[in-house]
Amino acid sequence: MRFIRPLLRALIGALLFTAAVLAAAAPASAHDAAESSSPAQGSTVATPPEKVSVTFNKDPLALGSQIQVKDAAGTNWAEGPVEIVDNVASQKLRPGAPAGEFTVVWRVVSSDSHPIEGTFTFTATAAAPGSGATGSTPGSSTTAGEVPTAGTAQPGTTSAPVPAPDASEPFPWSLVLFAGTALGILVALGVLAKRNLKSGDSGADAGEEQ
């Protein structure tokens with residue numbers, strides 16, 4: 001019996017330690033994350049859209065939200081405050097944005113009050129109406145790309161939205177590995193305790209027979 005009690009104490013300690021680590025790590029992996037952007041990351045659109053948007057897995061808070069839309073020269077074309085509807089944060093652009101590559105830099109406060117941020121890029125092949133730049137085909141019905149539903153790609157982009165970089169959080173495989181290791185230790189301790197218990201019972205029986 002003197003071998004069983006230390007094993008039981010070790011078993012209970014391992015259980016408590018595993019539960020504490022998993023409980024502490026769970027909230028850290030539950031922060032909100034961006035699922036997609038519009039225009040999609042790295043996509044090409046006909047003209048700069050009227051607005052850009054980022055779709056999250058949860059509803060972000062409006063407090064402190066900011067989205068900048070910068071052209072290749074570093075000019076910010078964002079106009080007005082960030083608009084948040086459910087889990088979608090949108091930012092309108094000023095008319096007349098030029099053709100070229102744009103970088104969208106966003107920052108929001110997640111539903112658990114944790115600030116998150118990220119970036120994505122897209123390229124416009126022609127300037128937006130009102131910029132004075134040419135490049136659109138006469139008679140073309142293409143105007144500044146509207147975002148019919150947040151998180152969808154603009155005309156000319158890839159069909160499936162690409163998650164914005166630096167936004168989603170990786171699956172906590174380290175927790176799974178730790179839990180599996182802890183489970184293996186618990187099983188080994190249980191088997192060892194069972195063997196020692198049988199050994200103790202056999203010794204007691206032998207003593208009684210003598």
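Reading the strands and loops

Student: What makes strand E1 (residues 34–38) and E3 a pair?

Tutor: E1 and E3 run in the antiparallel sense over four bridges. Two strands pair if DSSP finds at least two bridges between them, so E1 and E3 are called paired. Strands here (E, at least two residues) are DSSP runs, numbered from the N terminus. This is a predicted model, in which local features need pLDDT of at least 70, side-chain atom pairs count only at pLDDT 80 or more, and totals for chains, interfaces and linings use all residues. Residues are numbered from 1 along each chain as its sequence is written, and side-chain values use heavy atoms, with hydrogens and water left out.

Student: Which residue in E3 is the bridge partner of Ser-37?

Tutor: Val-54 is the partner of Ser-37.

Student: How many bridges join E3 and strand E6 (residues 88–92)?

Tutor: Five bridges, in the antiparallel sense. In E6, Val-88 is the bridge partner of Thr-55.

Student: Why is Asp-86 called exposed?

Tutor: Its relative accessibility is 56%. Exposed means over 50% relative accessible area, buried under 20%, and partly exposed in between (1.4 Å probe, protein chains only). Asp-86 therefore counts as exposed. Asp-86 lies in the loop between strand E5 (83–85) and E6, and has a positive phi of about 55° although it is not a glycine.

Student: What makes Ser-113 count as exposed?

Tutor: Ser-113 has 53% relative accessibility, so Ser-113 counts as exposed. Ser-113 is in the loop between strand E7 (100–109) and strand E8 (115–124).

Student: What makes strand E3 (residues 51–56) mostly covered?

Tutor: Five of the six residues of E3 are buried.
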